[in-house]
Amino acid sequence: GRQAHRRMTIVGRDGKALQVNVHTVPVIGPNHTVFGATLVLHDASPESSLEAQCQQLHEQVTKDPLTQVANRAAFDQTHAAFVSSHLAARGPYSLVITDIDHFKRINDTFGHQAGDEALVKFAALLRDGCRPGDVVARYGGEEFVVLCSNCDSAAAARRTEEIRQQIASTPMEML
């Protein structure tokens, strides 16, 4: 008995998917009897394409292209809001700053491709060691930061030690 608006996908006989906006309007008679509904379908492909492009642009400006974690600009923007929300909620949080020791030696000895691979694996291990609400960002070069949500310093120390052990036990195949 109510109007509704939804975005849906319709698959045609040719197997192609088409994004449509659906507006449903009930047909109501006397005594509030619902006789059916009128459906208005509108091709939403241009909007869907624009939304996908906006999402892609957002990722390009907020993610480090190599490691696929947040970049420094995204971290700087997120950090202030993260701290404010935790202070307002009186919840604990921690900031972990980390880097890859002797990273220059990896690049000089094995080449920049091996250095890139080390950065990608390092970022993935940091991200895998995080919980929902945490933020991992590449701060610069081989430096990374992790914002740990609802995490006091003792818990952050335990978590970072677990991640450190995981990193230490991860073999790196040299190219």
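Guide: Contact here means that heavy atoms lie within 4.5 Å, and the structure discussed is a predicted model.

Visitor: Leaving aside its neighbours within four places in sequence, with which residues is Asp134 in contact?
Guide: Asp134 sits in the loop between α4 (112–128) and β5. Once the neighbours within four places in sequence are set aside, the residues in contact with Asp134 are Leu147, Cys148, Ser149 and Arg159.

Visitor: Does Asp134 count as buried or exposed?
Guide: A residue is called buried when its relative accessible area is under 20%. The relative accessibility of Asp134 is 14%, and therefore this residue counts as buried.

Visitor: With the side chain of which residue does the side chain of Asp134 make a polar contact?
Guide: The side chain of Asp134 reaches a backbone atom, the nitrogen of Arg131, at 2.9 Å. A polar contact with another side chain is also made, at 2.4 Å, and the partner is Arg159.

Visitor: How far apart are the end C-alpha atoms of helix α2?
Guide: Helix α2 covers residues 72–88, which makes 17 residues, and at 1.5 Å a residue these should span 24 Å. The distance in the model agrees with that expectation, because the end C-alpha atoms are separated by 24 Å.

Visitor: At which residue does α2 bend?
Guide: The helix has a bend of about 25°. The place of this bend in α2 is Thr78.

Visitor: Which residue caps the N-terminal end of α2?
Guide: At that end of the helix, the backbone nitrogen of Ala73 has a side-chain oxygen 3.3 Å away.

Visitor: Against which elements do the buried residues of α2 pack?
Guide: The buried residues of this helix are Ala74, Phe75, Phe82, Val83 and His86. An α-helix has 3.6 residues a turn, so residues three or four places apart point the same way. The elements against which the buried residues of α2 pack are α1 (45–62), β4 (93–99), β5 (135–140) and β6 (143–149).

Visitor: What distance separates the C-alpha atoms of Val83 and Ser94?
Guide: Val83 belongs to helix α2, and its relative accessible area of 17% means that it is buried. Along the chain, Val83 and Ser94 are 11 residues apart, while the separation of their C-alpha atoms is 9.4 Å.

Visitor: Is Arg90 buried or exposed?
Guide: Arg90 follows α2 and is found in the loop between α2 and β4. Although Arg90 is not a glycine, its phi is positive, at about 55°. With a relative accessibility of 79%, Arg90 counts as exposed.

Visitor: What is the phi of Asn150 near?
Guide: Asn150 lies in the loop between β6 and α5 (153–168), and with a relative accessible area of 52% this residue is exposed. Asn150 is a residue other than glycine, yet its phi has a positive value, near 50°.

Visitor: The backbone oxygen of which residue lies 2.8 Å from a polar atom of the side chain of Arg138?
Guide: Arg138 has its place in strand β5, and at 16% relative accessibility it counts as buried. Leaving aside neighbours within four places in sequence, its contacts include Asp64, Asn71, Leu119 and Phe144. The backbone oxygen 2.8 Å from a polar atom of the Arg138 side chain belongs to Gly141.

Visitor: Which strands stand at the edges of the open sheet, each with a single partner strand?
Guide: This sheet is formed by 3 strands in the order β1-β2-β3, with antiparallel pairing. One side of each edge strand is left without a neighbour in the sheet, because each has a single partner strand, and these edge strands are β1 (4–11) and β3 (34–43).

Visitor: Which residue takes a positive phi in the hairpin of β2 and β3?
Guide: The hairpin has 5 residues between its strands. A positive phi near 60° is taken there by Asn31.

Notes
Residues numbered from 1 in each chain as written. Predicted model: local features only at pLDDT ≥ 70, side-chain atom pairs only at ≥ 80, totals over all residues. Heavy atoms only, no water. Helix = DSSP H or I, 4+ residues; strand = E, 2+ residues; numbered from the N terminus. Expected span 1.5 Å × (residues − 1). Bend = angle between axes of the 7 residues up to and from the residue. Buried < 20%, exposed > 50% of the residue type's maximum accessible area, 1.4 Å probe, protein only. Polar contact = N/O pair within 3.5 Å; in protein donor to acceptor, adjacent residues only side chain to side chain. Pairing = 2+ DSSP bridges.
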